[in-house]
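Subject: Structure for your files

Dear colleague,

Please find the structure below, with my notes after it. Read them with the coordinates open.

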Amino acid sequence: MVRFDGVSKTFPVGKQTVVAVENVSLTIEQGEIFAIIGYSGAGKSTLVRLINGLERVTSGTVTVDGVDVTALSESKLRPVRSGIGMIFQQFNLFRSRTVAGNVAYPLKVAGWPREKRAARVAELLEFVGLGERARSYPDQLSGGQKQRVGIARALATSPKLLLADESTSALDPETTQEVLRLLQKVNRELGVTVVVITHEMDVVRSIADRVAVLDRGRVVEQDTVFEVFSNPKTETARRFVGTVIRDRPTSGDLTRLRANHSGRLVTAQVREGGRVGAILAGAAELGVSFEIVYGGISALQDRSFGSLTLELQGPDAGIDTLLLRLREHTDVEEVAA
Ligand SMILES: Nc1ncnc2c1ncn2[C@@H]1O[C@H](COP(=O)(O)OP(=O)(O)O)[C@@H](O)[C@H]1O
Ligand SMILES: [Mg+2]
């Protein structure tokens, strides 16, 4: 649905050049929910604006639904843009128009006749659960309702692709989940490909199929959400995962554990279908006993993963053999004594 090939985008700022996006290559498949996560200033908004041609690449190509948008003139971009819906953090609704008026706006721009517009607006408001609020004004709605209007408006002309730039960042956690469930419904029931831009790993965990981690303009990791959560490969990804999954002891936890436990401490990564339990069951034969002192197992995309920190006691040779067996199957880190 969307392909970036070696895309860079720089902005001249005075005599300096700011690199917002650097050599990004990624593919967003039709029908998936793809998340792009990064800290503020990582280049996320620039990246989405390159998809709908609101920004032009400095180098590389962006292909949307088979069309190389980097080669198009402004007038040829217009039909491409009409196939892309977008929602925003601050909703960007017209305060002077009713809910129905806001949703009808893109239809009006696209030249739909009045009679057809009304039916389409009613259908859209029903879909987002605001059938009763057609005559309300945005100021009379909660944040979650405003974003529902934003989603209805974005879907008005039946786009194949929906771009959501920090679309839940102004909402409380509960409302965030409601809006995310609606985006999931948009994806599943209407088959719309959804690109979610966020700085919150919880959003990624809640709805995305795959995720790209953006760090200072570069994609440093790109994989299924399960893979990134259960086996983050970069420090940036580990930090994002650490904001929602707290299965690994912090350095403060380790100091406390060290003070309270005299045995060897190891942290083992656990994944569904792994052999950690079976291997630990053989510890006694090696003269080794173990105690679980920290950890947690979570589930994601119907598979479990997590990590366990163990205190191992017994002869060093036995412990070393046990660690060797574990390391054949999973990552194990020993905490320095
Ligand atoms: N129009 C612009 N002019 C100059 N610098 C810009 C412009 N747009 C974005 N930038 C810079 O590019 C970088 C990435 O910005 P942005 O894409 O907004 O990041 P994010 O959405 O991840 O917070 C930042 O350093 C930002 O200051
Ligand atoms: Mg942004």
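Aromatic rings come first. Rings of Phe, Tyr and Trp (for Trp, the six-membered ring) are taken as a pair if their centres lie within 6.5 Å; planes under 30 degrees apart count as stacked, over 60 as edge-to-face and the rest as tilted. By this rule there are three aromatic pairs.

The rings of Tyr-39 and Phe-240 are stacked, because their centres are 4.4 Å apart and their planes stand at 25 degrees. Tyr-39 belongs to the loop between β3 (33-37) and α1 (44-51), and Phe-240 to helix α9 (residues 235-244), so the pair ties together parts that are 201 residues apart in sequence. Helices (H or I, at least four residues) and strands (E, at least two) are DSSP runs, numbered from the N terminus. For burial, buried means under 20% relative accessible area, exposed over 50%, and partly exposed in between (1.4 Å probe, protein chains only). Tyr-39 is partly exposed at 33% relative accessibility, and Phe-240 is buried at 2%.

Phe-94 and Tyr-105 make an edge-to-face pair, with 4.8 Å from centre to centre and 65 degrees between the planes. Phe-94 lies in the loop between β6 (84-88) and α3 (99-109) and Tyr-105 in helix α3, eleven residues apart. Phe-94 is partly exposed, with a relative accessible area of 31%; Tyr-105 is partly exposed, also at 31%.

This is a predicted model, in which local features need pLDDT of at least 70 and side-chain atom pairs count only at pLDDT 80 or more, while totals for chains, interfaces and linings use all residues. Residues are numbered from 1 along each chain as its sequence is written, chains are lettered from A and ligands numbered from 1 in the order in which they are written, and side-chain values use heavy atoms, with hydrogens and water left out.

Next, charges over rings. A charge sits over a ring if NZ of Lys or CZ of Arg is within 6 Å of the ring centre and within 35 degrees of the ring normal. The charged end of Lys-116 is placed in this way over the ring of Trp-112, 5.3 Å from its centre. For Arg-303, the charged end sits over the ring of Phe-226, 3.9 Å from the centre.

Now the sheets. Two strands pair if DSSP finds at least two bridges between them. Six strands form an open sheet in the order β6-β7-β8-β3-β9-β10, and the pairing is mixed. At its edges are β6 and β10 (218-224), each of which pairs on one side only. Neighbouring strands in this sheet are turned by 15 degrees against each other on average, direction ignored. Axes here are lines fitted to C-alpha atoms, for helices over the stretch in contact, and angles run from 0 to 180 degrees between N-to-C directions.

Within that sheet, β3 and strand β9 (residues 210-215) pair in the parallel sense over four bridges. Ile-37 has Val-213 in β9 as its bridge partner. Helix α1 packs on the sheet and touches β3, β6, β7 (161-165), β8 (193-198) and β9, its direction making about 155 degrees with that of β7. Helix α9 also packs there, touching β3, β9 and β10, at about 115 degrees to β9. Contact means heavy atoms within 4.5 Å.

β6 is mostly covered, with four of its five residues buried. β6 and β7 run parallel and are joined by five bridges; Gly-85 has Leu-162 in β7 as its bridge partner.

An open sheet of four strands has the order β12-β13-β11-β14, with antiparallel pairing. β12 (289-300) and β14 (332-335) each have a single partner strand, so one side of each is left without a neighbour in the sheet. Strand β11 (residues 264-271) and strand β13 (residues 303-313) run antiparallel, joined by eight bridges, and the bridge partner of Arg-264 in β13 is Leu-312. Helix α10 (residues 251-260) lies across β11, β12, β13 and β14, at about 155 degrees to β12. Helix α12 (residues 316-327) packs on the sheet, touching β11, β13 and β14, and its direction makes about 145 degrees with that of β14.

For the chain as a whole, there are twelve helices and 14 strands. Of its 337 residues, 47% count as buried.

Regards
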